[in-house]
Amino acid sequence: MEFTVRRQEIYSRAELLLRTIFGWIYIMVPHAFLQFFVGIWSGILGFLAFWVVLFTGEYPESWYSFQIGFMNWRLRVQATLMNLVDEYPAFGVGGTSESVHLAMERPAQLSRGLVLLR
């Protein structure tokens, strides 16, 4: 797993102040509303993935990329709210950021026994 947050050389003081005071309103509210519904779908896919891995030993590629995209989206929002980056986070699981990135290598084969233990 690789998680990177690129540090900026200069931060905007006005944007830091606005994000610290009003960031929960203009950043967190729209993202949290959408992440709630996408999170429900992520939980359903996680439950279904348990059974798919149990019977086949493989995690479906599209489900895996969706889960990684959702985690990446959550990390972009958290990095912005914690004033680690000075940009508005992109919406959606397909959104990208120049400053925040999460990459995880997809395992080729998963152990069915470990799925039961976890």
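The lining of the largest pocket divides into eleven nonpolar residues, three polar and one charged. Here Ala, Val, Leu, Ile, Met, Phe, Trp, Tyr, Cys and Pro count as nonpolar, Asp, Glu, Lys and Arg as charged, and the others, Gly among them, as polar. This is a predicted model: local features need pLDDT of at least 70, side-chain atom pairs count only at pLDDT 80 or more, and totals for chains, interfaces and linings use all residues. Residues are numbered from 1 along each chain as its sequence is written, and side-chain values use heavy atoms, without hydrogens and water.

A pocket is an open set of points on a 1 Å grid over the protein atoms alone, where a 1.4 Å probe fits, with protein on both sides within 12 Å along at least five of seven lines; lining residues have an atom within 4 Å of a point. The largest one holds about 380 Å³ of space. Of its 15 lining residues, Val53, Tyr59, Leu110, Val115 and Arg118 lie nearest the centre. Two or more residues each come from α1, α2 and α3 (112–117). Helices are DSSP runs (H or I, at least four residues), numbered from the N terminus.

Now look at how two helices meet. Helix α1 covers residues 13–56 and helix α2 residues 61–81; they pack at an angle of about 160 degrees, with axes 9 Å apart. That makes α1 roughly antiparallel to α2 (angles over 145 degrees count as such). Their contact has 16 nonpolar, eight polar and two charged residues.

What follows α2? Asparagine 83 does, with a positive phi near 60 degrees.

Notes: Axes fitted to C-alpha atoms, helices over the stretch in contact; angles between N-to-C directions. Parallel < 35°, antiparallel > 145°, perpendicular 65-115°, else oblique. Points joined across faces, edges and corners; volume = space filled by probe spheres on them.
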